[in-house]
Amino acid sequence: MLSLSLSFRRALLASAAIAVSTATFGSYALAQSRPNDPLPPVTVQAPDQAPRSAARPKPRAASSGHAVRATSRGVGAAQPAASVQPQGAGGVASLTVPTTEQARQDIQRTPGAVALVPDTAFKNSPANSIKDALGWVPGVLIQQRWGPDARISIRGSGLSRAYGNRGINPLMDGIPISTADGLFDLFEIDPTAYRYIEVYKGANALRYGANSLGGAINFVMPTGRNAPEFEARVDGGSFGYLKSATSVGGVAGPFDWYMTMSAQREDGYREHSKTDSERLNANFGYQFSPDAETRFYLNVGRWRSEIPGEVTKDAALNSPRAANPVWVEQDQQRNIDSVRVANKTTLRFDETTVDFGAFALERHVMHPIYQWLDFHVHDYGGFARATDDRLIGGFRNRLITGVNLQNGTIDINQYWNVGAATKGPLAASYLWKSQNVSAYGENSFFFLPSVALVTGAQFLHAVRDQQDRYLANGDQSGRRAYNPFSPKIGLLWDVDPSWQVYGNISRSAEVPTYDVTTFASPASTDINAQTATTYEIGTRGRRPDLTWDVSLYRADIRNELQCLTSPSTPGACTIRNADRTVHQGVEAGLGVAFLKSTFAQEDRFWFNVAYTYSDFRFDGGATWGNNRLPAVPAHWIRAEVLYKHANGFYAGPNVEWMPQAFFADNANTLTVDPYALLNFKLGYDRGTGWSGYIEGRNLFDKRYISTAIAVETATAASALFNPGMGRAVYAGLRTRW
């Protein structure tokens, strides 16, 4: 397996020096709403002015409503007028990668909850973790574990996981970045590398063939045709945080290229939580003609991190900077080297566009925890998707069909950790094989000029095959095939060009991921796929001084996959099918402009709020009755008041508020206490040239718990909690031309 060399690390650190000397004040030029946890502030910004592609005109219904825009922090939030995207060296947009504005218009064709977050919403922040990028999207719950590592959940997906993430399909430019069994790590996500991020909640991700409870998140890189020729930045702050990033892009005839490198380190708020990472993300495109383009991707990453471990509730609140002493004694770590290559080719035939491509992933994980895990991931796959948009009998019709293939193996050896991250005797050895083949289709038929009937379905054939190569404790081999079928139907009504109403009924299915005890014995291969039927209604829109995005949903779930931690093996969890469960809630974002022209002719204040209500519970089960599901707050609110001047200056406070306790166990015996955090940010960003920001978080140094892992029944002595970070200050500089 590939390991990044010292010389490459030095090259990245050299880019940090360049970034320091030419770096920019990375300003948080967002007046958008960042819906994340419950109440996401919807912020208003002017639309990105990235170059439009030379796409041929599409047939339109009389009132297509595509003017409704997803915003920087979520659908409905507008962008600040100062956030002008550099147009890059090329005047022709990429065919394989839509511009931000094209993506905004396209995502609104979905009859369900979606969001588009442009880089203006997150690049002018510390850009440390995925929370900096998606923290304001309503319905997206991000709970920090330590450093950049976090649990991310949409509508309760994977909410019980103690490590890794499941239940969401992560994509990069529409190409999968999870392992073939469905697990994904956040370390590969570099917020400084993307032009925009698309969030498709639940079955609204069918356009990519995704069909999980949480939906899909698509991270889209710039290309040489819409990126600055040069960009550099440096960020620094509390607890030894330092990050630098440098990117270049350009066009030469039919060729274009974009490459960004970043280096990041952090001593960590807690003991034994130091992290160090380097990432390279690049793409290279070639246009055969205005209707044919191919693009190659390269993603290389190296991550080294210490793990502080979960502690008791008392320790988390009274000694928040201390690590679990057992984790320190064993020197628990997570170290990953990863290389991913991919290709995407786009062809256009009149009203039909075809995308197809292939990808391969090699990853080496060196992971001393209670055991010393050493495994290699080898994944490969391909995809083909056709989009046909035309008039049929005078009615507009848009049909998307596609197939996805993702196969892979995980070659894992587990050793006893005899202390100080030292390999002891072999404890287990497996070869995990995953096969996934899916076919899907989604059709939007405008039977009225402004109303579309949307129907769709996906069929998935998935195989999970475990081969046990260490037979001293018995043969734990097992194999299971899954064949779920998931239909969808919905309506999309364009009330006017800036206001939409939608509703849908959909089914989703998730196949189990590989975990240490998934196939503990031949009999345990009876773990079933999780299925859900989700009902959803909502509305989104934008007026000159008002933006909104509201959705209500209910998911009736069968065989929910819970990953429950056992006190005898802290840090690991066992996959189980829960009793019937219900996930229902509200996802709401709102942005309102007020006090306009207070100090200058073109200034204004924006009130932005993002709110997520999550009522997740067992549904009359024999064991837990109607108890609440653990690890997720019922209410999560983010709100801000932001002053914005037309010259690019902005400043204002914001709050993160969890007003009600939540449980850490199925038995509902141990709670995580409510809390509220006060933050403040100010900066300057004109969209080009120099920009900068300074941001303070948790200014009152509130002690709180950010994450709880789930168990059946907890006690006061249960080590389940990760303390939230204390008072921190960050600042950054950025330059672009």
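Which strands each supply at least two residues of the nonpolar patch? I looked, and β19 (423-448) and β22 (485-496) each do that. This is a predicted model, where local features need pLDDT of at least 70 and side-chain atom pairs count only at pLDDT 80 or more, while totals for chains, interfaces and linings use all residues. Residues are numbered from 1 along each chain as its sequence is written, and side-chain values use heavy atoms, with hydrogens and water left out.

**Entry: the patch.** I listed the members of the nonpolar surface patch: Phe447, Leu448, Leu453, Ile489, Leu491, Ile505 and Tyr535, which make about 590 Å². My patch rule takes residues with over 30% relative accessible area and no salt bridge, joining like charges within 9 Å and nonpolar side chains (Val, Leu, Ile, Met, Phe, Trp, Tyr) within 5 Å. A salt bridge here is a side-chain nitrogen of Lys or Arg within 4 Å of a carboxyl oxygen of Asp or Glu. Areas are Shrake-Rupley with a 1.4 Å probe, and for residues only the protein chains shown count as cover. I then picked Leu448, which sits in strand β19 and is partly exposed at 42% relative accessibility. For the record, buried is under 20% relative accessible area, exposed is over 50%, and partly exposed is in between (1.4 Å probe, protein chains only).

**Entry: whole chain.** I counted 5 helices and 38 strands; these are DSSP runs numbered from the N terminus, helices being H or I of at least four residues and strands E of at least two. Of the 737 residues, 66% are buried. The accessible surface comes to about 24000 Å², and 61% of that belongs to carbon and sulfur atoms. Taking contacts (heavy atoms within 4.5 Å) between residues at least 6 apart in sequence, I get 70% joining residues at least 24 apart.

**Entry: two hairpins.** Strands β16 (residues 352-368) and β17 (residues 371-392) run antiparallel, with 17 bridges between them. I call two strands paired if DSSP finds at least two bridges between them. The hairpin from β16 to β17 goes through 2 residues, and Pro368 has Trp372 in β17 as its bridge partner. Next, β17 runs antiparallel to β18 (residues 395-417) over 22 bridges, with Asp379 opposite Gly408 in β18. That hairpin also has 2 residues between its strands, and Gly393 takes a positive phi near 60 degrees in it.

Entry: I traced an open sheet of 5 strands in the order β3-β8-β9-β6-β7, with mixed pairing. Its edges are β3 (114-118) and β7 (175-176); each has a single partner strand, so one side of each is left without a neighbour in the sheet. Helix α2 packs on the sheet, touching β3 and β8 (196-201), and its direction makes about 170 degrees with that of β3. Axes are lines fitted to C-alpha atoms, for helices over the stretch in contact, with angles from 0 to 180 degrees between N-to-C directions. Why is α2 largely enclosed by the rest of the structure? Because 6 of its 8 residues (100-107) are buried, including Glu101 and Arg104. Inside the sheet, β6 (residues 169-172) and β9 (residues 215-220) pair in the parallel sense over 4 bridges, and Leu171 has Asn218 as its partner in β9.

**Entry: a loop glycine.** Gly253 lies in the loop between β11 (241-252) and β12 (255-266), exposed with a relative accessible area of 56%. Its C-alpha is 8.7 Å from that of Gln287, 34 residues apart along the chain.
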